[in-house]
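Hi,

Here is the structure I promised to pass on. Have a look at it first, and then read on for what turned up.

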Amino acid sequence: MRTARTPASAARGGGAMYELYRAASRAAAPAALLWRRLRGLEHPSRWPERLGRPSVARPRPGSPLVWFHAVSLGEGMAALPVVRHCARLHPGLPILLTTTTLSSFEVMEDLLPDGVIYQFAPLDCPDAIESFVGYWKPSLIFLMESELWPNLILSAAEKGIAVVLLNARMSLKSFNRWSLPLGLQLVSLMLSKLSLVIPLSTIQAVRFQLLHAPPQIIHFAGDLKYAVGDIDAGEKAVAAIEDLQQQFSNRPVWMAASIHKGEDEIILRVHDELIRMYPDLLLILVPRHPQDIKNVSQTLKKQKVNFVLRSTREVMSSNTSIYVVDTLGELRMLYRVTPIAVIGGSFLPGLAGHNISEAAAVGCAVMTGPHVGHFYHMLVEMWQINPFAVKQVKGEYELLEALKQLLGDSRALEACQRAAKDAFSIMSDGVVNRVWNLVRKFTIGSDTWDSLSRTG
């Protein structure tokens, strides 16, 4: 009879697996970075940061420093409310934010509070991590969502640096992979080194416990993606909103946001049907990936559709049917100029949805497709508050019918807008404070937290 591995035995076995991972990551890192550079996935001049080489001086050498790490724009936006909260409570504390993607770099730097440092994250190989941690010397590390990197976590643990996993989640695919015997040894070792895990949902908490995360470090606070919608629009965004509203000239408008390749075909067919009923209807189309813009533009040209690219700054006319947003970092602003928001990444198998709370926060009537991945917990929580807070459709036909209803019935549209905003308000209330209280509780008493508190 096979005996189940205990957390302690799995973690002990993780030491050997970690040594194998260290060797493999050290050998693979140069080729991986070169491949990414050749594909244009790294910043042309700041790529050395990925090897742990800083591009700016560390402020106040010898003082405490807090490091927030998020892989991409979505996770970075979820971290932003906590970054701002930390900066408010401890105005003299050096704070560092890292991400890995170019899109997050282009957006996040402009949103950070004054004094917060931005760098590209080091690759998870021993040399890069040791160089990065040795230079910045963080006192506390916040990892966002699913950023479980063995070299980073175990190097921090060896140096006595507290590590917190915020908005913790793990896809079923990742869970199954980590659950394999060799993977379980390594992930058990990593999770045993964390000071606090704040999961997105009960399902996520169960997955982390099954991977041998110590139960006493798992605590709930809510989804930080709800707090993203609380970030006010800046002066630049307000001016852009007023400009667009003037161009729209009271035309009926709907928006399709974060649309992936293949989904654009669905959206364009639906819009083509809708303009038969509403000839002056305007679609704001926001592709998820910049590289898809060219294909979308070519398709619209072939179909002889009157469209405007936002990057051209061309003023829309009454004949403009589609406004294609080919700029980055403006999604939250655009939600403020449309009464209806269809959230993409959800209409084709293999996709896993996107954050709906930003649209709900500003009072859009929110719709999404059937494939929403871990965002399903967000839908359920909003439905529990009000069933009209978000509409999930099964596919193209239901999307078309739902849009017809909202465009043709102002009372139904207003009810969905109000439901979404009210649900968001309830769900977002106090999330950041609850997170920060847990951070204080589970690091209090350590030298790390004592020094951070003195800094503030």
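A word on the annotation: UniProt positions are in the numbering used here, feature names are shortened, and annotations may be inferred rather than shown by experiment. This is a predicted model, where local features need pLDDT of at least 70 and side-chain atom pairs count only at pLDDT 80 or more, while totals for chains, interfaces and linings use all residues. Residues are numbered from 1 along each chain as its sequence is written, and side-chain values use heavy atoms, with hydrogens and water left out.

An unreviewed UniProt entry places "domain: 3-deoxy-D-manno-octulosonic-acid transferase N-terminal" at residues 46–227. That stretch is 43% helix and 16% strand, with its end C-alpha atoms 30 Å apart. Helices (H or I, at least four residues) and strands (E, at least two) are DSSP runs, numbered from the N terminus.

Next, a helix pair. H2 (residues 73–89) packs against H3 (residues 102–111) at about 15 degrees, and their axes are 10 Å apart. Axes are lines fitted to C-alpha atoms, for helices over the stretch in contact, and angles run from 0 to 180 degrees between N-to-C directions. H2 and H3 are therefore roughly parallel (angles under 35 degrees; over 145 is roughly antiparallel, 65 to 115 roughly perpendicular, the rest oblique).

Finally, the lining of the second largest pocket: helix H1 (residues 7–38) gives the most to it, with seven residues. By class, this lining has 13 nonpolar, four polar and four charged residues. Ala, Val, Leu, Ile, Met, Phe, Trp, Tyr, Cys and Pro count as nonpolar, Asp, Glu, Lys and Arg as charged, and the others, Gly among them, as polar. A pocket is an open set of points on a 1 Å grid over the protein atoms alone, where a 1.4 Å probe fits, with protein on both sides within 12 Å along at least five of seven lines; lining residues have an atom within 4 Å of a point.

Best wishes
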